[in-house]
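Subject: Structure handover

Hi,

Here is the structure I promised to pass on. Please open it first, then read my notes below.

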Amino acid sequence: MTVEAAQPRVEARARAGVAADRGVAATDGPLVLALDLGASRIRAGVVAADGRVIARASRRTPLDGDQRDLLAACAALLEGVRRRLPPEAARRITGLGVAAPGPLDAATGHLLEPPNMGAVGRGLPLGPHLARATGLRVA
């Protein structure tokens with residue numbers, strides 16, 4: 001395991017804490033977690049209703065493992081971003097938006113056979129896993 005895999009790269013705004021907290025304090029509405037699953041990187045963030053990104057993190061996509069590794073990496077990245085928020089802001093998270101390569105089954109939240117993710121992406125139960133891991137509704 002690389003250092004990057006153990007400690008996701010956090011962009012300067014979220015790492016500094018002050019800038020991330022100032023952005024959260026200026027936003028009193030609902031927040032959403034966001035996940036962008038790509039073949040080379042996984043990106044996670046917290047987004048305000050006005051579209052501002054409050055906190056974000058990124059890591060390499062572990063396509064060399066199995067589905068459990070990929071699902072765990074997604075869930076850990078989301079949890080890490082959520083932990084960076086002050087508790088009152090974390091309580092305002094209302095859902096999770098996911099972008100992932102298709103095709104996918106929108107009814108079940110499973111990736112079907114994304115062409116750029118190899119065998120690890122086939123039938124990946126991304127939506128159900130993230131709903132269980134975060135306790136949030138996934139869209």
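In which strand is Arg60 found? Arg60 belongs to strand S4, residues 53–60. Helices (H or I, at least four residues) and strands (E, at least two) are DSSP runs, numbered from the N terminus.

Some ground rules. This is a predicted model, in which local features need pLDDT of at least 70, side-chain atom pairs count only at pLDDT 80 or more, and totals for chains, interfaces and linings use all residues. Residues are numbered from 1 along each chain as its sequence is written, and side-chain values use heavy atoms, with hydrogens and water left out.

S4 pairs with strand S3 (residues 41–48). The sense is antiparallel, over seven bridges. Pairing here requires at least two DSSP bridges between the strands. Opposite Arg60 in S4 stands Arg41. Arg60 and Ile42 are 18 residues apart along the chain, yet their C-alpha atoms are separated by 6.2 Å.

Four residues lie between the two strands of the hairpin. There, Gly51 takes a positive phi near 95°. Most residues other than glycine have a negative phi, and most peptide bonds are trans.

**Salt bridges**

The count is five salt bridges. The rule is a side-chain nitrogen of Lys or Arg within 4 Å of a carboxyl oxygen of Asp or Glu.

- Arg52 with Asp50, closest N and O atoms 2.9 Å apart.
- Arg60 with Asp64, at 3.9 Å from N to O.
- Arg122 with Glu113, closest N and O atoms 3.6 Å apart.

How accessible are the partners? I use buried for under 20% relative accessible area, exposed for over 50%, and partly exposed in between (1.4 Å probe, protein chains only). Asp50 is exposed at 53%. Asp64 is exposed, with 67%, whereas Arg60 is partly exposed, with 31%. Arg122 is partly exposed too, at 43%.

**Helix H4**

H4 covers residues 67–83, 17 residues in total. Its end C-alpha atoms are 24 Å apart, which agrees with the 24 Å it should span at 1.5 Å a residue. The expected span is 1.5 Å times one less than the number of residues.

Which residues of H4 are buried? They are Leu70, Leu71, Ala73, Cys74, Ala75, Leu77, Leu78, Gly80, Val81 and Arg82. An α-helix has 3.6 residues a turn, so residues three or four places apart point the same way. The buried residues of H4 pack against strand S2 (31–37), S3, S4, helix H5 (87–90), S5 and helix H6 (126–134).

**Thr134 in H6**

Thr134 sits in helix H6. Thr134 is buried, at 10% relative accessible area. A polar atom of its side chain lies 2.7 Å from the backbone oxygen of Leu130. Setting aside neighbours within four places in sequence, Thr134 is in contact (heavy atoms within 4.5 Å) with Leu33, Leu78, Arg82 and Leu96.

**A cis proline**

Last item. Which residues does a cis peptide bond join? Gly102 and Pro103, with omega about 5°. Pro103 is in the loop between strand S5 (93–99) and strand S6 (104–105).

Over to you.

How values were computed: A polar contact is a pair of N or O atoms within 3.5 Å; within protein, one must be able to donate a hydrogen and the other to accept it, and residues adjacent in sequence count only if both atoms are side-chain atoms.
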